[in-house]
Amino acid sequence: MYKNFCLTGALFLTVIALCSLKPSEGVNTAIEERSRCSNYIQVKTDTITGIVRLMAKQKMKLLDKDGKMLFDMMMIRHNKEFTLHFKSIKEVCFGQNTKVYFEFTDDTVSEIKSSNQENCKGILSVNMGGIFGNPRVIKKLSSSTLRNIKFISKSDSYQIDLNIDQKERILNTLDCFIYS
């Protein structure tokens, strides 16, 4: 009986020791989150200044309703600032403070002004958070599904209807920016 008691006790202690080696769920969740985010964002460090930026892993190609590419969009986070950087494939003139409209699937619209200088290179930048823009727009973009993005150049207006993959990529990238 003493042997059985000792074996049972040793088995019990072994099970406790092995259970203590299992990572807690919080650790698994953090590892899974980092793994998920590595699909959407990358970390870039300026070798001279040491400034760290989070960037979308790839540029998003924004198409018009006919499937023709209009703009590349890059998403960047530096400190608490989030930037959506649009680059047209053709020459387009944008004024300073161009209005950008984000229309969501719940039929709400958020408006923000661009922060780029006046240019005819097709460059439009939207800074949000930090000292720029409206942090409520970041919250809305990261918690609601975007239907389209609209902006007006000096001579034309553009509406970019997003496909399901683009909507998901924007939501996930911003989510990773916020929680990384």
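Tutor: Counting bonded cysteines along the chain, the disulfides of the protein pair up in the pattern 1-4, 2-3. There are two disulfides in the structure, a disulfide being a pair of cysteine sulfur atoms within 2.5 Å. This is a predicted model, in which local features need pLDDT of at least 70, side-chain atom pairs count only at pLDDT 80 or more, and totals for chains, interfaces and linings use all residues. Residues are numbered from 1 along each chain as its sequence is written, and side-chain values use heavy atoms, with hydrogens and water left out.

Helices (H or I, at least four residues) and strands (E, at least two) are DSSP runs, numbered from the N terminus. The torsion about the S-S bond of Cys-37 and Cys-176 is about -90°, so this disulfide is left-handed. Both Cys-37 and Cys-176 are buried, where buried means under 20% relative accessible area, exposed over 50%, and partly exposed in between (1.4 Å probe, protein chains only).

Cys-93 and Cys-120 form a disulfide too, their sulfur atoms 2.0 Å apart. This pair also links distant parts of the chain, 27 residues apart: Cys-93 is in the loop between β5 (81–88) and β6 (99–104), and Cys-120 in the loop between β7 (109–113) and β8 (123–128). The link of Cys-93 and Cys-120 is right-handed, with 110° about the S-S bond. Cys-93 counts as partly exposed because its relative accessibility is 28%; Cys-120, at 42%, is partly exposed.
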